[in-house]
Amino acid sequence: MIAAALQAAGHDVLMVTAVLPAAPDDDVVKLAIAAGRVLITEDKDFGELAFRVGHRLPGLIRLVLPGLRQTEKATRLCQVLVDQGDTVVGRAVVIERRRVRSRALP
């Protein structure tokens, strides 16, 4: 649902579940780095891999939107991408219901 909304908004999307089903987090990070992709996830472990382990992701967006339906999460994500555009590249962005936090990736 979220990937479809991103594609409908004109974003180039690569779904990890389609190319690396059940892949460990390290493999997902390696794919994002190799493909030059911003990684969008609900899993906080990817922030750990970026900040503590030092993987050099092109960008990381973490959705922290508990209780929202997938369509609502997709709408929120697409709105943030419209508002912030290319500023997510090189950054770790956390999208919550009422705020967006962002900091530079290492």
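Modeller: Happy to! Let's begin with the second largest pocket, whose volume is about 300 Å³. It has 13 lining residues, and Gly-47, Phe-51, Ala-92, Val-94 and Arg-103 come closest to its centre. A pocket here is an open set of points on a 1 Å grid over the protein atoms alone, where a 1.4 Å probe fits, with protein on both sides within 12 Å along at least five of seven lines; lining residues have an atom within 4 Å of a point. This is a predicted model, where local features need pLDDT of at least 70 and side-chain atom pairs pLDDT 80 or more, while totals for chains, interfaces and linings use all residues. Residues are numbered from 1 along each chain as its sequence is written, and side-chain values use heavy atoms, without hydrogens and water.

Helix 4 (45–53) gives the largest share of this lining, four residues. Strand 2, strand 3 (91–95) and strand 4 (100–104), like helix 4, each supply at least two. By class, six of the lining residues are charged, five nonpolar and two polar.

Let's turn to the largest pocket, at about 950 Å³. Of its 32 lining residues, Val-13, Leu-14, Val-38, Leu-39 and Ile-40 sit closest to the centre. Helix 1 (2–8), helix 2 (16–19), helix 3 (25–35), strand 1 (39–41) and strand 2 (60–63) each give two or more residues to that lining. Its make-up is 24 nonpolar, four polar and four charged residues.

Ile-2 counts as buried (under 20% relative accessible area, with a 1.4 Å probe and protein chains only; exposed is over 50%, partly exposed in between), because its relative accessible area is 13%. Between Ile-2 and Lys-73 lie 71 residues of sequence separation, yet their C-alpha atoms are 7.1 Å apart.

Finally, a look at charge pairing. The whole structure has six salt bridges, each a side-chain nitrogen of Lys or Arg within 4 Å of a carboxyl oxygen of Asp or Glu. Glu-96, buried at 16%, pairs with Arg-99, the closest N and O atoms being 2.5 Å apart. Glu-96 also bridges to Arg-101, with 3.0 Å between the closest N and O atoms. Through these shared partners, Glu-96, Arg-99 and Arg-101 join into one network. Both arginines are partly exposed: Arg-99 at 45%, and Arg-101 at 36%.

Note on methods:
Points joined across faces, edges and corners; volume = space filled by probe spheres on them. Nonpolar A, V, L, I, M, F, W, Y, C, P; charged D, E, K, R; others polar.
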